[in-house]
Amino acid sequence: MIRKVSRNARSLTRPIVAISLVVIFTIQNGLSQAPKVAQLSEKQSLLLLDLENLAAQAANLTSGLARARANAEIADLLWTLDKQRAKELLGEAYKLTSPDPVPNASPASSGSKDKFSAPTPLESARRELRSRVLQLASRDRAFAGSLIKPQKDTENGSAASDNATLAKQAFGENDIDAGSKYLTDAVHADPIAMPVTAINELAKRDRATADKLIMEYLGILRSAPLLSPDDQARVDLVLLQLIFTNLTPSQKVPPPGPEVMRAYLLYVLDDLSALEQAFLGSLRRFRGFLLYAWTPINQYARDLTPSFMRLEALSRSSQDTGPIPNIEDIVAANKKSQNKQLEQNIESETPDPMVIQAAVRNGEFNKARRAIDRMEAGDIKDQLWDLVNSREAIGLTSKGRIDNAELLALKLRGAVRVIETYTALIAKADNPAQKISFGYRALEQLRRAMNQPEVPAFMPAAAPTGKEIDPKLSSLSKLFLITVSLDDDLAQSVLQETILTMNRTDVDSSQGRLGFDPTLFKEATAKNQLQAEQAASSISDPLRRIVALAAIDKRKIDNLNQKVATKNVAAAK
């Protein structure tokens, strides 16, 4: 297949070159007449021509989400060559990720679906693609904002999640002002869907700005209509993560300042009081949330004690006796109760898979194995065997016990655990020969591996299908990126197996899903451009072929940009 494509390409070389020279002249002439557009070199013009050819191929894709994916990846490269054209492609891609309007649907009916229900595979694909488009568009903040703006007046717009995406991007680039604006817009669009991670990551660098945003959030919540108990429970979970950052010490997020703490406490007391009046008896449901306020009230707002005591009394059931516990007591009691339940469950005849996963996380591998032995045969049992063997192997690897880790790695049957374990082994190996040996072993095990997506133990019904995820294809692309710098023959073998798997995958490209990391073609080009181009040309799926060829062009553009930068530095001297 690859040789045939190569011969055809050579036979077309002369007419393509002739046409290219004419097109290059046209492109250069057009660019020279456009304002504020720098002249392109001949190589840049050829790349621009190649990208426009890929864009033309993308326009012929029958699926809107497939076109969106192709447009986004092509626009990524066009940004440095023709920014206006890149924006056109991103704008089209963003529109293509929006769901088709329902004919004759009223606003009430369009918003009738529970916004917190699990997204369908199609909805997940749209969200992931939209996030990718916004990530690329955020190179120009005003442009990215213009994409979101038309949604603000729609019932089912994605303004909240889109603004949260831009906020995370801006904070990641240390643009605090832009990130703060996007985050505020996100919360105004949907007060319930506060992006906690973005705030806490910001707090690590700028606690004062994070506090200001939390104050704005509390103000928005106060001005909003009273929420239902279910929605209030979601907001309470958000607030607990924002306010009590020390409950997750590994995050290393500094706590909010006194002003935020007092504003939070006022909101909790006022809101729970109003909720009890509207939904009689609801305070008992929210007793745990209320009790978290007791310790900070004693520290920051003693004047609120009478209000707290009144609500605390209403929240008690016949089982709630004794003094009011502080936060440390609550956490300790919860941990003790959970440990007791875990211990009882894992020793039972029908252990819960989630309990087994907890044992694995705690390093209790033998206890987990005994529990797995008692489970009925099935996919979840097989996955748990892989999980315990993989995690123990990785732990042994980190301690330098490579031989013991190898024995466990050889037992792995699922692609996900194979790649994560051999990634650790290759990184820890002492010499290049051992790394290469592990690479070949990983390749062989991936060839034989089970290719079923993992079933979430907490929600088996929500398990992804092969149309969404291809563990083997994803793992092979990761293996290539790990081994490409180790050995040419190994890298070529992995690349060939990746293409074979890619051409057999069930992952639905009509939803814009690729199933692999396009970076592998960029790195393959750096190693051997001809081999990379032949591999990309042999991909049967049009979308995946377009994205692979675009990734190859990305390496070429990066190389050109590097040469220009080096030349400019030399000229400056």
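**Ground rules.** I am working with a predicted model, where local features need pLDDT of at least 70 and side-chain atom pairs count only at pLDDT 80 or more, while totals for chains, interfaces and linings use all residues. Numbering runs from 1 along each chain as its sequence is written, and side-chain values use heavy atoms, with hydrogens and water left out.

**Whole chain.** I checked the secondary structure and got 30 helices and zero strands. For this, helices (H or I, at least four residues) and strands (E, at least two) are DSSP runs, numbered from the N terminus. Next I looked up burial: 44% of the 573 residues in the chain count as buried. Buried means under 20% relative accessible area, exposed means over 50%, and partly exposed is in between, with a 1.4 Å probe and protein chains only. Then came contacts, meaning heavy atoms within 4.5 Å. Of the chain's contacts with a separation of 6 or more, 67% are between residues 24 or more positions apart.

**Cores.** I asked myself which residues touch the most other members of the largest nonpolar core. A nonpolar core is a set of buried Ala, Val, Leu, Ile, Met, Phe, Trp, Tyr and Cys residues joined through side-chain atoms within 4.5 Å. The largest one holds 140 residues, and I74, Y217, L239, Y264, L272, F308 and F521 touch the most other members. Helix α14 (residues 258-278) gives the most to this core, with ten residues. Another core lies apart from it and has 13 residues, including V360, A368, I372 and L387.

I followed up on F521. Leaving aside its neighbours within four places in sequence, F521 is in contact with I499, M502, F516, A532, A535, A536, I539, A548, A551 and I552.

**K522.** I moved on to K522, which lies in helix α28 (residues 519-527). Is K522 buried or exposed? K522 has a relative accessible area of 18%, so it is buried. With neighbours within four places in sequence left aside, its contacts are A551, K554, R555 and D558.

**α26 and α28.** I stayed with α28 and looked at how α26 runs against it. The two axes come within 10 Å and cross at roughly 30 degrees. Axes here are lines fitted to C-alpha atoms, for helices over the stretch in contact, and angles run from 0 to 180 degrees between N-to-C directions. α26 and α28 are therefore roughly parallel to each other; that label goes to angles under 35 degrees, with over 145 roughly antiparallel, 65 to 115 roughly perpendicular and the rest oblique. S477, F480 and L481 of α26 make the contact with T519, L520, E523 and A524 of α28. By class I noted four nonpolar, two polar and one charged residues. Ala, Val, Leu, Ile, Met, Phe, Trp, Tyr, Cys and Pro count as nonpolar, Asp, Glu, Lys and Arg as charged, and the others, Gly among them, as polar.

**S485.** In the loop between α26 (471-483) and α27 (488-502) I found S485. S485 has a relative accessible area of 59%, so it is exposed. S485 and A524 are 39 residues apart in sequence, and their C-alpha atoms are 9.8 Å apart in space.

**N559.** N559 sits in helix α30 (residues 542-572). Its relative accessible area is 36%, so N559 is partly exposed. I also looked up N559 with A526: 33 residues separate them in sequence, and 9.1 Å in space, C-alpha to C-alpha.

**α20 and α22.** The axes of helix α20 (residues 353-361) and helix α22 (residues 379-398) come within 10 Å and cross at roughly 5 degrees, so α20 and α22 are roughly parallel. P353, I356, Q357 and V360 of α20 meet I380, L384, L387, V388 and R391 of α22. The class tally is seven nonpolar, one polar and one charged residues.

**N174.** Last, I noted a positive phi of about 65 degrees at N174, although N174 is not a glycine. N174 lies in the loop between α9 (159-172) and α10 (176-189). Its relative accessibility is 52%, so N174 counts as exposed.
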